[in-house]
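These are my notebook entries on one structure, taken in the order in which I looked things up. I began with interfaces and ended with local strand pairing.

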Amino acid sequence: MSSDIDEAEEAVRVRFIVNGRKVACEVAPRDTLVDCLRNSLELTGTHAGCEMGACGACLVRLDGRAVHACLMFAVQADGARIDTIEGLSESGDIADLQAEFHRRNALQCGFCTPGMLINAHELLSRLAEPSRAAIRDALSGNFCRCTGYEAIVDAIAAVADARAAKASQKGSPE
Amino acid sequence: MTPLTSLDRPNSYIGRSVPRPNAKRLLAGRGRYVTDIRLPRMLHAAFLRSPYAHARIARVDVDAARALAGVHLVATGADLAKICTPWTGTLDHFKGMTSEPQLPLPLDRVVWAGQAVLAVVAESRAIAEDALELISVDYEELPAIVDLDAAREPGTPRVNPAGSSNICFRAQLDSGGVDEAFASAAHIIEEEFSFGRHTPVTLEPRAIVADYDPDGGMLTVHHATQTPYQFQDLYSRHYRIPEARVRVIAPDIGGSFGLKLHVYHEDMAVVGLSILLGRPVKFVADRLESFVSDIHARDHHVRARMAIDADGRILAMDVHDATAIGAFSTYPRTSVVEGNQVIRLIGAPYDFKSYRAALEVVFQNKVQTSQYRAVGHPIACAVTERMVDLAAARIGLDPFAIRAKNVIPDDAYPTASPTGYRFESLSHQVCLQRLREIMDYDALRAEQSELRQRGIHRGIGIATFVEITNPSPAFYGVGGARISSQDGATISLTPSGEVRCAISVTEQGQGTEAIISQIVADQLGLAQEHVKVITGDTEVTPHGGATWACRGAGIGGETALQAARKLKANILEIAALVLQEQPAALNIIDGEVVNAATRQPRLAIAEIARIAYFRSDTLPPGTQAQLTVSHHFAPQGYPFAFTNGIQGCYVEVDADTGFIKLLKHFVVEDCGRIINPMLVDEQVRGGVVQGLGAALFEECRYGETGQLLNGSLADYLVPMAMEMPDIVIAHVETPTADTALGAKGCGEAGTAAASACVLNAVNDALAPFCASINAVPITPARVLEALGRF
């Protein structure tokens, strides 16, 4: 038994590109990616809500796709490019979503919010103008106990419209 | 041109939808929750939990766990009992209630499956959990009392062998005249209801970091709680540390809804573990632990009878509520408030005189139940509103018509319910009318009837409600609980002319800090961004009740209003001296002292601050500027500020699968003066969705041996975006005259009536099948069972 524990605690060196910067850290093989991000890298904007992939609070972008950081060991992410809410905020990539969430109060306690934003960002990168039903469907793995979801759906729909309007302006000759 | 309104006044923030200033950092992932906190030399606690619902602890072997590298402490119940005094979850105003004394960890007996038995403190949570695997405990299993009805049967084994029965509390209400009313009634409606035990499921689980400094004799607790002052008092008294040396900090909280204002055994233990070690100790419940250790709520069986006359007027109600609360009553708010509110709120919207109710609160071997958002309201509302619909069906009245006939008329106030609740002013009639309009009720009925021809079964349900807000000491204080019904604020003009308000109401995302800054800015006359609000730290704000029972806006808001008015008077007093004017001739607009009549700017308040703080020598001799004001406000007048409203919903039932689709939900709500309409709407929406979860999905399901069978987020269904409808909201504003602000609460209104509404709507959809449902959650299996297809 105790030899198992020793082995479990043996550290492994992993490297990622987190929010555009190369980082290396020592993790135990059993550490999940969400624990590694929160504890080793102090990126506490990624939250652990259920640790079984049901609530969406731990979503991060891994090589450009939204994944549950609780369902992956940190060692499995070795070499990956990871973007967390902190990096997406600093880059300005989701500034319009954040502003619209703020304007409509599409958050209360904020615990689900980073995961919601990462999922919304992913949705809008796949589908330019999703219907409300498509937005609700896309969010169906993100649990929010506070808002009742409607303001979140409204905010994402408004950003989709604004992005589409901007894209069509760019596309026109003027 | 639109006419000017009060919102056109400068700095008019009361009634304005403005975004929450503190929400931006949450959107950037910069929230600081207790789960995020890491202190120097901090250790981590994990708990060994009982696999049995009821068992004697025969032998414990912790030697191997203690020997594991990285383990600092393995603590037993006896270890913590040496430093922590026991607590008992009773209150004096609930006459005759009993409950066993509780300790952080049990000494010799476990009473529910999942109860914490032993604590390990180690350098990491993972090591602490490894150590748990090395502990061996021998249990001798005892009979587990799981079922509510079984617990009440005579001769059933007792949950607490020291008690004389499994009864925690009994109460009776009788206004008189009930038997006579039933004897003379044209119709008597009878129904039995059952309500599934469910649990709040905040997305951030319970979290605590206790940090005891043995040299300073000082305890600091970073605690994900709604009520830091209550916990300061409790930690001080149970660990015998002077109150002034206990500091409780509630930073960002990832949802609470009542969950995080109760004493939990693990939390109390963590404080003791930190005292034993002299180091910070952190505990965050994981989701599986949350399901078996967070409070549950709403486990009720209700039998109800209603007497009506030939015209459909309600003459009397007679109800019996039995509720099971776990193995003991929760501390310090008890587990009987829910049942107490159920029997007092049943029938509350309606004008009838004769009411009788009996409440029976029983123990069982499950985790404790206690106050969760809209305490008791959903049960009372579902029972009442279903009975009203059954009455309507009996005599062929439309649901709107029977309610219009029976609600207390809007011109009948002040009045009281037959259960003794005093109503200042409610607006059922106007709300009923507004709901009919926003639902476009007649069109919905036409659509329903047309779709029925095509085999599509839609249902329309409505439910009126009354909500308890702004509680006075009648709620807890009179029962001996050291739970404050007042709030306090300390408000200052800073040297640079900004305003800082430290207030005892707390923020869990509902927007407390936003509305307090709106009220302060409005009352003082400056831009909201120049007001900083500080909450959630017992060291820096006055003692107060904090946030629960919809008291933040009504009581906290009034506290802020009165404090701001006092500070304004003090600022104008100094301004008058400087300007050689009468204070009454001056006002403040946009941070400038102005001539009250002409609004001509005279002097910036920043200049008053500069003079008062740095050049007091230039003020007349004897002048002492008071630019910090502390003010307390305790509600007086009515013991509670009741609010009211009505909800409607439109559902579709698939008669083949039993699935229910929520198509649309409607709310008309009257919370008095609205400070921030957007935040009120979002409180209502969030509340409705919690009620819809209870209506359709949420239930803690137990096996015969008292094991929770669905205690994970994959198994326990919560409402997700895909299943939830859009929610249309309208308001009626009937301010309370008990305060200058006039605000009442709005946080529980949504939850109060949502499940009742769905129950009525589903029954409406099933009416052509002569099928009826009297239990929530309304699962597909229950629908099919009602249809005789399962």
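This is a predicted model: local features need pLDDT of at least 70, side-chain atom pairs count only at pLDDT 80 or more; totals for chains, interfaces and linings use all residues.

Entry 1. To their contact, domain 1 of chain B gives 20 residues and domain 2 of chain B gives 16 residues. I recorded about 1400 Å² buried between domain 1 and domain 2 of chain B, with 47% of it on carbon and sulfur atoms. Which three residues supply more than any other three of the area that domain 1 of chain B buries against domain 2 of chain B? I found B:Gln508, B:Thr538 and B:Glu539, which supply 37% of that area.

Entry 2. Two salt bridges are found across the interface of domain 1 and domain 2 of chain B. I looked up B:Arg247 and B:Asp537, which form a salt bridge with the closest N and O atoms 2.6 Å apart. Between these two domains of chain B I also noted seven residue pairs in polar contact, both residues being at pLDDT 80 or more. By class, the side of domain 1 of chain B that touches domain 2 of chain B has five nonpolar, 11 polar and four charged residues.

Entry 3. I next described chain A. Its C-alpha trace spans about 65 × 35 × 20 Å along the principal axes. I counted seven helices and five strands in chain A, and their order from the N terminus is α-β-β-α-β-β-β-α-α-α-α-α. The assignment divides chain A into domain 1 (2-89) and domain 2 (94-168).

Entry 4. How far apart do the C-alpha centres of domain 1 of chain A and domain 2 of chain A lie? I read 24 Å for these centres. In the contact, 18 residues of domain 1 of chain A meet 14 residues of domain 2 of chain A. The two domains of chain A bury about 1300 Å² between them, and 59% of this is on carbon and sulfur atoms. I found one salt bridge between domain 1 and domain 2 of chain A. The side chains of A:Arg65 and A:Glu122 meet in a salt bridge at 2.8 Å, N to O. On the side of domain 1 of chain A that touches domain 2 of chain A, the elements giving two or more residues are strand 3 (59-62), strand 4 (65-68) and helix 3 (85-91) of chain A. I classed the residues of that side of domain 1 of chain A as nine nonpolar, six polar and three charged.

Entry 5. I then took the interface of the two chains. Here 53 residues of chain A are in contact with 56 residues of chain B. Chain A and chain B bury about 4400 Å² between them, 58% of it on carbon and sulfur atoms. I noted eight salt bridges between chain A and chain B. B:Asp726 and A:Arg132 form a salt bridge, with 3.0 Å between the closest N and O atoms.

Entry 6. Last, I looked up local strand pairing in chain B. Strand 22 (residues 586-589) and strand 23 of chain B pair in the antiparallel sense over four bridges, and B:Leu586 stands opposite B:Asn595 in strand 23 of chain B. These two strands of chain B form a hairpin with two residues between them, and B:Asp590 in the turn has a positive phi of about 50°. Strand 23 (residues 592-595) also pairs in the antiparallel sense with strand 24 (residues 601-604) of chain B, over three bridges. I noted B:Glu592 opposite B:Ala604 and B:Val594 opposite B:Pro601. The hairpin of strand 23 and strand 24 of chain B has five residues between the strands, and B:Arg599 in this hairpin takes a positive phi near 65°.

Technical notes: Residues are numbered from 1 along each chain as its sequence is written. Chains are lettered from A and ligands numbered from 1 in the order in which they are written. Side-chain values use heavy atoms; hydrogens and water are left out. Domain bounds come from an automatic or database domain assignment. Contact means heavy atoms within 4.5 Å. Buried area is the accessible area (1.4 Å probe) that two parts lose on being put together, summed over both. A salt bridge is a side-chain nitrogen of Lys or Arg within 4 Å of a carboxyl oxygen of Asp or Glu. Ala, Val, Leu, Ile, Met, Phe, Trp, Tyr, Cys and Pro count as nonpolar, Asp, Glu, Lys and Arg as charged, and the others, Gly among them, as polar. Two strands pair if DSSP finds at least two bridges between them. A polar contact is a pair of N or O atoms within 3.5 Å; within protein, one must be able to donate a hydrogen and the other to accept it, and residues adjacent in sequence count only if both atoms are side-chain atoms.
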